[in-house]
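I opened my notebook to get to know a new structure. Here is what I looked up, step by step.

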Amino acid sequence: ILNRLADNQPSSWKLERAIWRAGELKMKGSSPLLINLLGTGEDLRDYCIAWALGWCNENSNDITAVDALTKLYESNQSSEFVSRIAFEAL
């Protein structure tokens with residue numbers, strides 16, 4: 001999963017699926033990789049990243065993840081559904 005997030009190369013897994021799976025597994029080490037994928041203009045991808053960051057950083061004080069989620073939540077560029085999930089993740 002981390003390789004898929006890091007290299008963003010074609011794979012049998014869609015990138016959004018790998019992002020979601022990282023959240024399901026609460027992979028704390030994936031946060032920097034997830035944050036690097038934010039802001040591609042793909043609303044579904046940003047939604048998956050926000051959801052995954054929330055789970056990967058549950059009970060954690062990872063300020064980088066909190067900052068990324070806050071920016072996503074407050075951004076005028078974020079879709080409403082992306083802002084809502086970023087808020088939930090925070």
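**Entry: before starting.** I noted that this is a predicted model.

**Entry: salt bridges.** How many salt bridges does a search of the whole structure find? I got 5. As a reminder to myself, side chains of opposite charge can pair when their charged atoms come close.

I looked at Glu24 and found a salt bridge to Arg21, at 3.0 Å from N to O. Both residues belong to helix 2 (residues 15-24), where they sit 3 residues apart, about one turn of the helix. Glu24 has another partner, Arg17, with the closest N and O atoms 3.5 Å apart. Checking the accessibility, I read 36% for Arg17, 28% for Arg21 and 37% for Glu24.

Next I turned to helix 6, where Glu80 and Arg84 are 4 residues apart and so separated by about one helical turn. They form a salt bridge, with the closest N and O atoms 2.9 Å apart. Glu80 is exposed at 60% relative accessibility, while Arg84 is partly exposed at 48%.

**Entry: two side chains of helix 4.** Is Arg45 buried or exposed? Its relative accessibility is 16%, so Arg45 counts as buried. Arg45 lies in helix 4 (residues 43-56). Beyond its close sequence neighbours, I found Arg45 in contact with Leu15, Glu16, Ile19, Leu37 and Thr40.

Tyr47 is in helix 4 too, and is partly exposed with a relative accessible area of 24%. Leaving out residues up to four places away in sequence, Tyr47 touches Trp20, Phe81, Val82 and Ile85. I also checked Tyr47 against Asn61: they are 14 residues apart in sequence and 21 Å apart in space, C-alpha to C-alpha.

**Entry: the nonpolar patch.** Which residues make the nonpolar surface patch? I listed Ile63, Val66, Tyr73, Phe87 and Leu90, with a patch area of about 480 Å². Helix 5 (residues 63-74) gives the most, with 3 residues. Phe87 comes from helix 6 (residues 80-89), and is partly exposed at 49% relative accessibility.

**Entry: the largest pocket.** I read a volume of about 150 Å³ for the largest pocket. Its lining has 13 residues, and Gly54, Asn57, Glu58, Ala89 and Leu90 lie nearest the centre. Helix 4 and helix 5 each supply at least two residues of this lining. I spotted Leu90 here and in my patch list as well.

Note on methods:
Residues are numbered from 1 along each chain as its sequence is written. This is a predicted model: local features need pLDDT of at least 70, side-chain atom pairs count only at pLDDT 80 or more; totals for chains, interfaces and linings use all residues. Side-chain values use heavy atoms; hydrogens and water are left out. Patches are made of residues with over 30% relative accessible area and no salt bridge: like charges are joined within 9 Å, nonpolar side chains (Val, Leu, Ile, Met, Phe, Trp, Tyr) within 5 Å. Accessible areas come from the Shrake-Rupley method with a 1.4 Å probe; for residues, only the protein chains shown count as cover. A salt bridge is a side-chain nitrogen of Lys or Arg within 4 Å of a carboxyl oxygen of Asp or Glu. Buried means under 20% relative accessible area, exposed over 50%, partly exposed in between (1.4 Å probe, protein chains only). Contact means heavy atoms within 4.5 Å. On a 1 Å grid over the protein atoms alone, a cavity is a set of points where a 1.4 Å probe fits but cannot get out, and a pocket is an open set with protein on both sides within 12 Å along at least five of seven lines; lining residues have an atom within 4 Å of a point. Grid points are joined across faces, edges and corners, and a volume is the space filled by probe spheres set on the points.
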